[in-house]
Structure formats: C-alpha cells, structure tokens
Amino acid sequence: MNTIELSAIAIYFVLVIGIGIFFFAKSKKSESEKEYFLGGRNMNGLVAALSAGASDMSAWVLMGLPGSIYLAGVGKVWIAVGLLLGTVGAWVFVAPKLRRYSIKANDSITIPQFLTNRFKTENKVLQIISAIVFVVVYCVYSASSIVACGDLFKTVLNVDPKISMIVATAIIVLYTFLGGFNAVCWTDFFQGMLMLAALMICPIIALVCVKTGSYVPTTGAALPENYFNMLSSGSFDWASVADIITGFGWGLGYFGMPHIIVRFIAIKSEKDMKKSQIVGSCWTAVILTMSAIVGLFGRYLFGESLTESKSLVFVTMVRTFFPAFIAGILLSAIIAAAMSTADSQLLASSSAFSSDVYKAVIRKNASNKEMMWAGRIVVVIIAVVAFFIATNPSCEGIMELVECAWGFFGASFGPVILLALYWKRFTYPGAVAGIVTGFVADMVWYTLFTGDSGIYKIGLFNTGIYEIIPGFFCGLLAAVIVSLISKKPSDEVLELFEQAKQPIDAAE
C-alpha cells in the first residue's frame, strides 16, 4: 500500500515541478524583476484567490486543527473563527486599496517598497529593516512546512523524516527557483483545489460508509466533558476567555502577512479583484469548516484510538476509506498545504531582499536579470537555513513554528499596513516605529508570558494570550504616537493618498 501511495504522491511532485519548468521557459521571453516577483501584475482573480488561500493554510489546517478539535472538542474552533474573520477583513479592507495604492506609489512590487514609496522618500531604512525581518522570520516559517512534510512521510510511508525533508525542500526550491511568482501562484492554485477536494470528499465518503454499514465506528469511552461546548472550560472563566481572545487574535495576522497580501498587488483588474474577494473568502470558509468537521467526525469514527497521535486524524480517515492510489492523491493535500505556504514565503523573502536590499543598497544599477538571480540565490539560502531549523532536535514542531512566525509578521506589519492605507497623517518615522515596536513587543511577550521556560522562552508565567495581540496594539500605538509628534506629510504625499482612492481601471 505504501508503494502505491508513494507513486501517487510522486505524480503530484512531477506536476508541480512541471509547472516551474513551464514558467521558467516562458519567462525567458520576458525576463524582468516585475515579472519574476509579481507575475507582471497580470494575475487572474480566481488564481490569485486560491493562491492567497493556499499560501495561508499550511499543513496546520489538515493536521493541527482537526487534531485539536478531535482531542478537545468545539472549544478549539475559535482560531478558525478568527482566521475566517481576518481573511474576509483583509479581502474587503486591504486588498482593493493596497492594489491601487501600490500602483500609484511608483508601481511598487514588494510590501517594503510600497511602504517607502507611499511616503515619497529616498530613505531606505524601512526597506532594509523590513527585508531583514522577512528573511529571519521566513526561515522560521518555512521550517514549519518542511517539518510537516517530514512528519507526513514518516507516519504514512515510514520514510526517514530527514530524507523526506530534503526531498520536499529541494522540490519547493526547484519550482520557485525556476518559475518565480507565476509558478508559485499556479502551483498554489492546483494545491488549493486539491486541499478543498480532500477535505470535502473525505468526511462525505466516510459518512456513506458508516450509513451503509461497511464501516463500524470505534466504540470508546465517553467524550470529554464540555466536548461540544464553545467555551473550552465549560464556563465563562479566564481560560475560555483567553481562548476566544487568542482565536480572534489570529485574524489580526492577515493584515500584515507579506506572502498573502502581495497577491492583492498582483491582481490584474478591479473586476478580477471582486471575483477574488468572493472566491477567497468562500474558499477559506469551506476549508476551515470542513477541517473542523473532520476533527469532530474523526472522534466519532475512531474513538480514543488516536489520542496519542491526534494530528493523524485526517491521514487515518483517508487511509481507512479510500484505495491506496486515491489515498495517496488525497494525502498529497497535506504536502500541498505545506509546500504552498513554503514557496510563497521563499519568494516573498527573496523579493524583499533583492529589491529592497540588494538593488537599493548593494547594487543600485543591477539589471533585471541580475536581480532575478539574486532573488533565486536567496531562495536557496533561506531554504537551507529553514531545513537546518526543521531538523534541529530542539525544534518544537509545526504549530509552535507557525504561531511564532505568524505573530511576528502580524504584529510588525499589520498596524503599519492599515495605517498606511487609511490614515492620511501617517508618517515615515511612524511606520518605522510601528514595525520595530510590534516586532519587539511580540518577541518579549512570547519569551516571557506564553508558557513554560525552554530553549526559546523564559516563561515567567502563562497569560494564555497569543503574543500577536499585545504586539499588534503596541505597534499600532507606537506608529500613531510617533506620527503625531513627527513632521506632517508633504503635500505631495497627501495628494498621492487622495489619488489612491480612485479605482485604477476607471481612471485609465
């Protein structure tokens, strides 16, 4: 069975590499920085929507969320609620305005470029700080995807996790290296469809098998107390309140997640933007809902048998109800979830470094071809560093890595992006202060107030509150205060702010 499953997964790998080769050959006709890092701002609305969703939903949505709900019940659904609200908020309040503003702001192709051009300044401090944050945090974030691939191959196919991590890293680097933004978006599109199909089909087929009597659910002990209670502790105490606040806090990350919001910049028209808003929001809603259903239904099907390996609920369900080859295809959805996040992270960090550090500081006269190769080299470097983080014995696992990186980005860039789009009085020093303060506040809270002590933490006490929340609001407060005490924006900056309110396509 493992051999047959592996052959299906191998076919999936061939597909994503083929996409990379196709866009590499296509890019030879038009080698440019804008084409490689942003797809020439010509991204179809449907592709952009599923690409944004797939790059967001890592293996956590197929392993972490179902496992948590399987084990502890409905009280763990608040993260999904927060993520859904954050997704809709980003598509409605950030996407259309950011696309227009980035075009008006000297056709910016990266988030640091936009934040610099928005203030009409030659100062490169913000770009350099942002690029450094990108490279450091994406090493951690990409490591979570590599760990997920290792876990999958170890548990499903009994392959040495280090070998599977090497293979996954090499494949991600290969198609990102070759095809750039177009390859990443189109692979994400197919991976998003695969994730959706897997989560839709699996519980439906399982239910049919139970109803027809071809599978008898495991009889286990009684469900944990308050299993179906939205309040995790069963009462309105601090533990339940902290879970709810933390769940909603996850939604704040969407406003500052570079590899997601860069998709908004790449959409080719206002018409496609509207399509993306609907498709992207609906896709996320269905994915999160079905992921929760997998967790709940898994408890009904398998009882307590997976208590020690709760992250394998979806894997077990697939292998129980499907033939080996079909199971292999559906299990590829987990790889898809991991890889679709990792490729986007690698490209976002490489574009930030090559555009905002290499060309801005090191080689100001760099050609488009040189820029593209600088970005490709950074892709390889970050992937190698991420691999060593993932294989480090001290690595704390998928969810810990994702929480850490998501918090850093949301706290650093979320407040700054929102203020840049909606506050005319916002200033360049305020943006720098917001990014630095948000990052530092998130790190301090993570280190001191989120759990037991360990290799990464001092852990004075555990508040139960996700670090993105204090980090986000500290960054917001710093950005506002520094903007108010610094010099007002110039008339040129204020005029650009007004111009960005007008739809691009209508104006042209």
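Colleague: How does the span of helix H17 compare with what its 18 residues should give?
Modeller: The two agree. H17 runs over residues 468–485, and at 1.5 Å a residue it should span 26 Å. Its end C-alpha atoms are 26 Å apart. Keep in mind that this is a predicted model.

Colleague: Which residues of H17 are buried?
Modeller: Ile468, Ile469, Pro470, Gly471 and Phe472 are among them. Further along, Gly475, Ala478, Ala479 and Ser483 are buried too.

Colleague: Where does phenylalanine 439 sit?
Modeller: In helix H16, which covers residues 428–449.

Colleague: Why does phenylalanine 439 count as buried?
Modeller: Because its relative accessibility is 18%, and buried means under 20%.

Colleague: And which residues does phenylalanine 439 contact, leaving aside neighbours within four places in sequence?
Modeller: Val133, Val137, Phe408 and Ser412.

Colleague: Let's zoom out. How many helices and strands are there?
Modeller: The protein has 19 helices and zero strands.

Colleague: What share of the residues is buried?
Modeller: Of the 508 residues, 60% count as buried. The protein exposes about 19,400 Å². Carbon and sulfur atoms supply 67% of that area.

Colleague: Take contacts between residues at least 6 apart in sequence. What percentage join residues at least 24 apart?
Modeller: That figure is 84%.

Colleague: On to the inside. How many residues are in the largest nonpolar core?
Modeller: It has 129. Leu115, Met195 and Trp406 have the most contacts inside it. There is also a second, separate core of nine residues. Ala342, Leu346, Val379 and Ala383 are among its members.

Colleague: New topic, charges. How many salt bridges does a search of the whole structure find?
Modeller: Six. One of them pairs the side chains of arginine 99 and glutamate 270, at 3.3 Å from N to O.

Colleague: What does that pair tie together?
Modeller: Arginine 99 is in helix H5 (residues 78–104) and glutamate 270 is in helix H11 (residues 270–302), so the bridge ties parts that are 171 residues apart in sequence.

Colleague: Is arginine 99 buried or exposed?
Modeller: Buried, because its relative accessibility is 3%. Glutamate 270 is buried as well, with a relative accessible area of 13%.

Colleague: Which other arginine meets glutamate 270 in a salt bridge?
Modeller: Arginine 100 does, at 3.1 Å from N to O. This pair also links distant parts of the chain: glutamate 270 is in H11 and arginine 100 in H5, 170 residues apart. Arginine 100 counts as buried, at 17% relative accessibility.

Colleague: What about glutamate 498? Which residue is its salt-bridge partner?
Modeller: Lysine 501, with the closest N and O atoms 3.2 Å apart. Glutamate 498 counts as partly exposed at 30% relative accessibility. Lysine 501 is partly exposed too, with a relative accessible area of 39%.

Colleague: Now the surface. Which residues form the nonpolar patch?
Modeller: Ile4, Ile11, Phe325, Ile326 and Ile329. Together they have about 400 Å² of accessible area.

Colleague: Which helices supply the patch?
Modeller: Helix H1 (2–27) and helix H13 (324–362) each supply at least two residues. The largest share, three residues, comes from H13. Isoleucine 329 lies in H13, and it is partly exposed with a relative accessible area of 32%.

Colleague: Last one, helix H3. How far does it reach from first C-alpha to last?
Modeller: It reaches 17 Å, close to the 16 Å expected at 1.5 Å a residue. H3 has twelve residues, 45–56.

Colleague: Is H3 mostly covered or mostly open?
Modeller: Mostly covered, with eleven of its twelve residues buried. Gly45, Val47, Leu50, Gly53 and Asp56 are among the buried ones.

How values were computed: Residues numbered from 1 in each chain as written. Predicted model: local features only at pLDDT ≥ 70, side-chain atom pairs only at ≥ 80, totals over all residues. Heavy atoms only, no water. Helix = DSSP H or I, 4+ residues; strand = E, 2+ residues; numbered from the N terminus. Buried < 20%, exposed > 50% of the residue type's maximum accessible area, 1.4 Å probe, protein only. Contact = heavy atoms within 4.5 Å. Patch = residues over 30% accessible without salt bridge, like charges linked within 9 Å, V, L, I, M, F, W, Y side chains within 5 Å. Areas by Shrake-Rupley, 256 points an atom, 1.4 Å probe, with all protein chains shown as cover. Salt bridge = Lys/Arg side-chain N within 4 Å of Asp/Glu carboxyl O. Core = buried A, V, L, I, M, F, W, Y, C linked by side-chain atoms within 4.5 Å. Expected span 1.5 Å × (residues − 1).
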